Each structure stands twice: as structure tokens, then as C-alpha cells.
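I opened this structure today and kept short notes as I went. Here is what I looked up.

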Amino acid sequence: MIGEQLPGQLLAAIQQVLSNPTDFTALHEPLFEGNEWSYVKDCLETGWVSSVGQYVDQFERNLAEYTGSPHAIAVMNGTAALHICLLLAGVKPNDEVLMPSLTFIATANAVAYCGAIPHLIDVSNDTLGVDPDKLEQYLNDIVQFGTDGYAYNRQTGRRLMAVIPMHTFGHPVELDKLMRVCEKYHLEMIEDAAESLGSFYRGRHTGTFGKLGAISFNGNKVITTGGGGAILAADEATARMAKHLTTTAKLPHRWSYQHDQTAYNYRMPNLNAALGCAQLEQLPSFLNRKRRLSMRYKEAFSHINGIQWFEEQEHVTSNYWLNALLLDEPDEGLLNRMLEITNDAGIMTRPIWTPMHRLSMFSQSPRMELTVTEQLEFRIINIPSGSRLFDE
Ligand SMILES: *Cc1c(COP(=O)(O)O)cnc(C)c1O
């Protein structure tokens, strides 16, 4: 039986790929081989450690340049970035925001922070992200346009304001198709590009297709600032407002404390931005190493029956943030045995997130039928993917 051999074969294949076996291999460890020490030391020596400083400005400029986004605003984490993106897209309390059920909790939390309601949609087996064809059919059934021009959910009467595609493990969703669906139904598109720094769709960086996109620099992401995030904004007015809202909405003045609305202290400290500047310099080399590690996994798993290594689509470049293996068939028992044997051996592996509709806070959220999501929950296993794992 395939199922009996698989856990052992999986462990052997991963061990074969990892070039420097240690007692414990994390899912995605950070790597600091560049100017991190020198930039952080500079912050300490000059005293510029906190909410303003040259590294914040430099990090924002470098991010904008790398992603091709006209503007980038550094913030304290990816969840905060998403929250501000949604506010700036005009999401209001009691709106519904379409988003995949198969995502990290941050996507749904950001919607909830706005007082809005996540409306959970299914994903595609090809990208592991939002399935635009299925979404279009679904919207066709449930949407009624209001006199204000917005799409309304005829079942709940609530406005459908936006869609949040999430690029799972760094693999871009079908953005061309999705943008057409957004246009047809007058929806804003906010990309949760938290996992996809360094991922491109038809040559264009993820997070730059909608009006706004969010990136994360958490410790386990492709590059890290300790904790951190960024908002990518397409136009200047939106970018200015993003800065304003993340810096307590203070009006510039030499001494006076004037704030023109209730806003947030979401800014990224200079100390973290210093780390970010150094990490961003190494991004191309990280991506190269991650891709080559992935190719080794691909080869190592090509001979094993019952499991496939998840590969990028032809017209995209994935950052391969987390390598994913897919069981041919959903099998919770087998998946658990695979997780057990690898974690027991000091190799950190993880299942995909519990889908949002199975968490108590979102179990009552409106949703389409989620066949693919429910299958993927018991098919996916993530394996160690950090840049440091690839050595010549
Ligand atoms: C990492 C991540 C975020 C943001 O996380 P933070 O820890 O707040 O930086 C958001 N969405 C997804 C899908 C993520 O993986």
C-alpha cells in the first residue's frame, strides 16, 4: 500500500535534499549574511532607533524600486498593512469582503478589524489561491447591483466591496482573470502579497495589480525585519493617506500636536527598517538559493508515488517561499503520520492552515461551496524552505 511507505519515503527524500543536517531544521529560518550588523549598529550609534530615521525612507524607496510599485509604506507588520489597505479601499463596517477560506488568519482578522465580514471563497488546485472562474460563476448567482453602482449580496443584503486574493506560499493567483471579474462586479482588489515578495505574474510583481497590496517581513518570510510589513500603493494620494493613517494622522508642524482623525501607530521603527535594507540587498541571492533548493526537492520527490511537489505555473515566477507537497488524495491519517515522522526526526513540517470557515469566529461567515479548500486541507504538507538550506 502506498500509504504505508509514504511517511518513510518522505523523510528520506527530505533528508537527502538538506545539505547540512542539524538536530533541528525549521520551516523557514532567517539568514543574516549581509549588512545587517553594520546598519543596526549605525542605528544604535546615532540613536535613531524608533519611529523616524533614514532607514525607513531608504527601505521604502528600495521596496518600491524592487517591486516596481510607485509607492511603498513600511509598517509594523503585514496584518497592519492589510488593515490599512482595506480602509483605504473604502471597506466600511457591515460590508462583505471576498477572500479565500484557505489563508492565514491575518487576512480574515484584517477584514474583521474594519467591522466588515469575510465572505469565504474557494481556491484553485492550480495556484492554491482564489479561483477566478468559480468566483465569477458564484457572483453571477448572488450579485444584485444597487442604484449606487455597487454589487450587493442578494442573500444578505450587504455590499460586496472588495476581493483579497492571497498568493499562497508565494504562488501567484490568476491575476488577469481575477482583475476582469473585479471590473465586472465593481470590486476593489487588495492583494495579500504577504508571502510573495519576489513573486511575479507575467513579469509584474505581485501586490502591484490592485490599488493596494500588503507584504509581510515576519521572521519566517522571504526576508525579515524582525516584525514588519509594507503597503504597496498605486497612486500618490493613496500612498500619502497610507502614511498619514499609519502615523497617527498627525499634521506636519514644528511643534503643535494636531491630528485630523482617529488613526493608528502602525509605523515601522528605524531599527527594523535597517534590518530590512540589509535583507533586501540579499533578496536576489535568497530567491536564487530557494529556487535551487526547490529544484532539488522536485527531483527527490519525482520518484515517489502518491505525492506531488507543487510547481509554479508557466507564466509566473514564484519565490517558492514554502515548498509544498500534495497528497494525490485527501487523507488526514496519512498526513498526520507524515507530520509525525518528520517532526520526530527534527525536520519541521506543517499542514496548511485550518480553513477560516472551520474556525469559530468565521464559521457563520457567508461562503460559497468550498470543495477544493476542504480537499486541500488534508492534502498539503509544507517542508523546510529557508535560503540557508541550499548550499553549493
Ligand atoms: C504572514 C502573513 C500575513 C501577515 O503577517 P504578519 O505576521 O502580521 O506580518 C498576512 N497574510 C498571510 C497570508 C501571511 O502569510
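My entries cover the ligand, the salt bridges and a surface patch.

**Ground rules.** I am working with a predicted model, where local features need pLDDT of at least 70, side-chain atom pairs count only at pLDDT 80 or more, and totals for chains, interfaces and linings use all residues. Residues are numbered from 1 along each chain as its sequence is written, and side-chain values use heavy atoms, with hydrogens and water left out.

**Ligand.** I looked up what surrounds the ligand and got 14 residues, where a residue counts if one of its heavy atoms lies within 4 Å. The closest are G78, T79, E195, S216 and K221. Next I checked polar contacts (pairs of N or O atoms within 3.5 Å). A polar backbone atom of G78 is 2.7 Å from a ligand oxygen. K221 uses a side-chain N or O atom, 3.2 Å from an oxygen of the ligand. For D192, a polar side-chain atom lies 2.9 Å from a ligand nitrogen. On its own the ligand has 380 Å² of accessible area, and the protein covers 91% of that (Shrake-Rupley method, 1.4 Å probe).

**Salt bridges.** How many salt bridges does the structure hold? I found 15, each being a side-chain nitrogen of Lys or Arg within 4 Å of a carboxyl oxygen of Asp or Glu. I noted the background too: side chains of opposite charge can pair when their charged atoms come close.

I started with D122 and K134, whose closest N and O atoms are 2.6 Å apart. D122 sits in the loop between β3 (117-121) and α6 (132-142) and K134 in helix α6, so this pair ties together parts 12 residues apart in sequence. Helices here are DSSP runs of H or I with at least four residues, and strands are E runs of at least two. Are these two buried or exposed? Both D122 and K134 are buried (under 20% relative accessible area; exposed is over 50%, partly exposed in between). They also belong to a salt-bridge network with E369.

Then I checked D133 and K177, which meet at 3.0 Å, N to O. This pair links helix α6 with helix α7 (residues 175-184), 44 residues apart. D133 is partly exposed at 40%, and K177 is partly exposed at 35%.

**Surface patch.** Last, I found a nonpolar patch of about 230 Å² made by L44, V49 and L271. Patch residues need over 30% relative accessible area and no salt bridge, with nonpolar side chains joined within 5 Å. L44 lies in helix α2 (residues 36-46) and is exposed at 57%.

Definitions and conventions
Patch = residues over 30% accessible without salt bridge, like charges linked within 9 Å, V, L, I, M, F, W, Y side chains within 5 Å. Buried < 20%, exposed > 50% of the residue type's maximum accessible area, 1.4 Å probe, protein only. Polar contact = N/O pair within 3.5 Å; in protein donor to acceptor, adjacent residues only side chain to side chain.
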